[in-house]
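Keep the viewer open and click along as you read.

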Amino acid sequence: PNVSMAGIDNDEAMESAIARLKALGHQKIGYISGGLGSYIYQERYLAFFRAMKKHHLEDSHLLAGHSFSAEECVSTHLPRLLGCGCTAILCSHDLLARDVLNQCLRMGKRVPEDIQLIGFDDVMISTVTTPQITTIHQPVEEMTELCVEYIAKSLKNESVPQKIVLPVRLGERGATVLKTEI
């Protein structure tokens, strides 16, 4: 009762990303994740498959890869997903999306013309890549403020909500926007 959580709904986040990719015409979407030892990455991984199913897209576990090693993700899982015909890749976090973007470019793939990419978290790295990475934005500042407020209330033995779910939004940038759409 004295523990609170401020976060986002990973299902809502994945659903918005998959909906956008489907609207762009993608039928085969791959997912690359950091190691599933993390609760958040497990949640995002499962949310990806629920969103794919909701949008009547192939939700085979063959369309996903995960590893604690970013190198394994880009050297093993990315080529496999591209070989399966994936035209878009969703990543569990922006640093991994940056690595996937760089590997795609090394492989001669044009982003967003040949492959489109979405990251997760909206950290600064997503704005300094070329092209900039489309990403699921988390309201980190608001989450932090709420956590500090709840800690202060807890120290005073005041009641705090157990769970606050904040809205997410898709920050669309160059990794999914074709020049003709700008």
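## His 55 and its surroundings

Leaving aside neighbours within four places in sequence, His 55 is in contact with Glu 15, Ile 18, Ala 19 and Lys 22, where contact means heavy atoms within 4.5 Å. His 55 sits in the loop between α2 and β3 (64-67). Helices (H or I, at least four residues) and strands (E, at least two) are DSSP runs, numbered from the N terminus. With a relative accessibility of 14%, His 55 counts as buried; buried means under 20% relative accessible area, exposed over 50%, and partly exposed in between (1.4 Å probe, protein chains only).

A word on what you are looking at: this is a predicted model, in which local features need pLDDT of at least 70 and side-chain atom pairs count only at pLDDT 80 or more, while totals for chains, interfaces and linings use all residues. Residues are numbered from 1 along each chain as its sequence is written, and side-chain values use heavy atoms, with hydrogens and water left out.

Is His 26 buried or exposed? His 26 is buried, with a relative accessible area of 7%. You will find His 26 in the loop between α1 (10-23) and β2 (29-34).

The side chain of His 26 makes a polar contact with the side chain of Thr 87, at 2.5 Å, and another with the side chain of Gln 116, at 2.7 Å. A polar contact is a pair of N or O atoms within 3.5 Å; within protein, one must be able to donate a hydrogen and the other to accept it, and residues adjacent in sequence count only if both atoms are side-chain atoms. Beyond four places in sequence, the residues in contact with His 26 are Leu 21, Leu 57, Thr 87, Ala 88 and Gln 116.

## How α1 meets α2

Two packed helices are described by the angle between their axes and the distance between the axes. For α1 and helix α2 (residues 39-54), the axes come within 8 Å and cross at roughly 50°. Axes are lines fitted to C-alpha atoms, for helices over the stretch in contact, and angles run from 0 to 180 degrees between N-to-C directions. The two helices, α1 and α2, are therefore oblique to each other: angles under 35 degrees count as roughly parallel, over 145 as roughly antiparallel, 65 to 115 as roughly perpendicular, and the rest as oblique. The crossing of α1 and α2 is right-handed; a crossing is left-handed if the near helix is turned anticlockwise from the far one by less than a right angle, and right-handed if clockwise.

On the α1 side, Asn 10, Asp 11, Met 14, Glu 15 and Ile 18 meet Glu 43, Arg 44, Ala 47, Phe 48, Arg 50, Ala 51, Met 52 and Lys 54 of α2. By class, this contact has six nonpolar, one polar and six charged residues. Here Ala, Val, Leu, Ile, Met, Phe, Trp, Tyr, Cys and Pro count as nonpolar, Asp, Glu, Lys and Arg as charged, and the others, Gly among them, as polar.

## How α3 meets α4

Helix α3 (residues 70-83) packs against helix α4 (residues 94-106) at an angle of about 45°, with their axes 10 Å apart. That angle makes α3 oblique to α4. The crossing of α3 and α4 is right-handed.

From α3, the contact involves Ala 70, Cys 73, Val 74 and Leu 78, and from α4, Leu 96, Asp 99, Val 100, Gln 103 and Cys 104. Sorted by class, the contact of α3 with α4 has seven nonpolar, one polar and one charged residues.

## Ile 118 in strand β5

Ile 118 lies in strand β5 (residues 116-121) and is buried, with a relative accessible area of 0%. Its contacts beyond four places in sequence include Ala 17, Leu 21, Ile 89, Thr 134 and Leu 170.

## Backbone features to check

Most residues other than glycine have a negative phi, and most peptide bonds are trans. His 56, in the loop between α2 and β3, has a positive phi of about 55° although it is not a glycine. His 56 is exposed, with a relative accessible area of 71%. Asp 121, in strand β5, also has a positive phi, of about 120°, and counts as buried at 17% relative accessibility.

The peptide bond from Val 111 to Pro 112 is cis, with omega near 15°. Another cis peptide bond joins Thr 130 and Pro 131, with omega about -5°.
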